[in-house]
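User: I am new to this structure and would like to go through it with you. Could you show it to me?

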Amino acid sequence: MHEYSIVMSLMEQITQLAKDNNATDIIRVNIKVGVLSGVEPQLLQTAFDTFKLGTICNDAELNLQQQALVIKCRQCNQQTELTQRNIVCPHCLSYETQVIDGEDMMLMQLEMNSI
């Protein structure tokens with residue numbers, strides 16, 4: 001389950017940001033997970049709940065925002081937002097599409113208490 005390694009990296013990033021901002025604890029972690037990111041939101045939540053114990057995130061809430069897949073068709077030039085893992089243009093059924101958004105997982109916001 002690669003979600004564990006993703007959360008470990010996320011925790012390192014959060015810890016550094018907390019240190020940079022003199023935070024005493026993290027209240028909320030907001031992340032964006034793209035449809036094509038390869039991350040399973042439920043597994044990510046489980047991994048976060050496991051790894052946050054005993055850290056600055058011990059009482060933090062993880063908010064996951066699902067980022068839709070945005071593709072642009074090279075045949076009909078239409079840009080489409082999709083909620084499924086599908087790169088076929090729904091307008092002309094072409095496979096000649098370019099992914100514009102929806103492949104990433106990003107830390108969007110931290111809510112923290114500071115000294």
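Analyst: One definition first: a residue counts as buried when its relative accessible area is under 20%. Please keep in mind that this is a predicted model.

User: Understood. By that rule, is Cys89 buried or exposed?
Analyst: Cys89 counts as buried, because its relative accessibility is 1%. Cys76, at 27% relative accessibility, counts as partly exposed.

User: How many disulfides are there?
Analyst: A search of the whole structure finds 0 disulfides. The cysteine sulfur nearest to that of Cys76 belongs to Cys89, 3.6 Å away, and a disulfide would need the two sulfur atoms within 2.5 Å.

User: Let us turn to the helix α1. Which residues of α1 are buried?
Analyst: The buried residues of α1 are Glu3, Ile6, Val7, Leu10, Met11, Ile14 and Ala18. Seen down the helix axis, the buried residues of α1 fall within an arc of 135°, so they line one face of the helix.

User: Why would residues spaced like that share a face?
Analyst: An α-helix has 3.6 residues a turn, so residues three or four places apart point the same way.

User: What covers the buried residues of α1?
Analyst: The cover includes the strand β1 (23-34), the helix α2 (41-51) and the strand β6 (105-114). On the other side of α1, Glu12, Lys19 and Asp20 are exposed.

User: How does the span of α1 compare with what its residues should give?
Analyst: Helix α1 covers residues 3-20, and at 1.5 Å a residue its 18 residues should span 26 Å. The end C-alpha atoms of α1 are 25 Å apart, which agrees.

User: What follows α1?
Analyst: Asn22 follows α1, in the loop between α1 and β1. Phi of Asn22 is positive, near 50°, although the residue is not a glycine. At 48% relative accessibility, Asn22 counts as partly exposed.

User: And where is Leu93?
Analyst: Leu93 lies in the loop between β4 and β5 (97-101). Phi of Leu93 is near 65°, a positive value in a residue other than glycine. Leu93 counts as exposed because its relative accessibility is 60%.

User: A last topic: what does Thr80 touch?
Analyst: Thr80 is in strand β4 (residues 79-82) and counts as buried, at 10% relative accessibility. Leaving aside residues up to four places away in sequence, Thr80 touches Leu69, Val70, Ile71, Pro90 and His91. The side chains of Thr80 and His91 are joined by a polar contact of 3.1 Å.

Terms used: Residues numbered from 1 in each chain as written. Predicted model: local features only at pLDDT ≥ 70, side-chain atom pairs only at ≥ 80, totals over all residues. Heavy atoms only, no water. Helix = DSSP H or I, 4+ residues; strand = E, 2+ residues; numbered from the N terminus. Expected span 1.5 Å × (residues − 1). Buried < 20%, exposed > 50% of the residue type's maximum accessible area, 1.4 Å probe, protein only. Arc of directions from axis to C-beta. Contact = heavy atoms within 4.5 Å. Polar contact = N/O pair within 3.5 Å; in protein donor to acceptor, adjacent residues only side chain to side chain.
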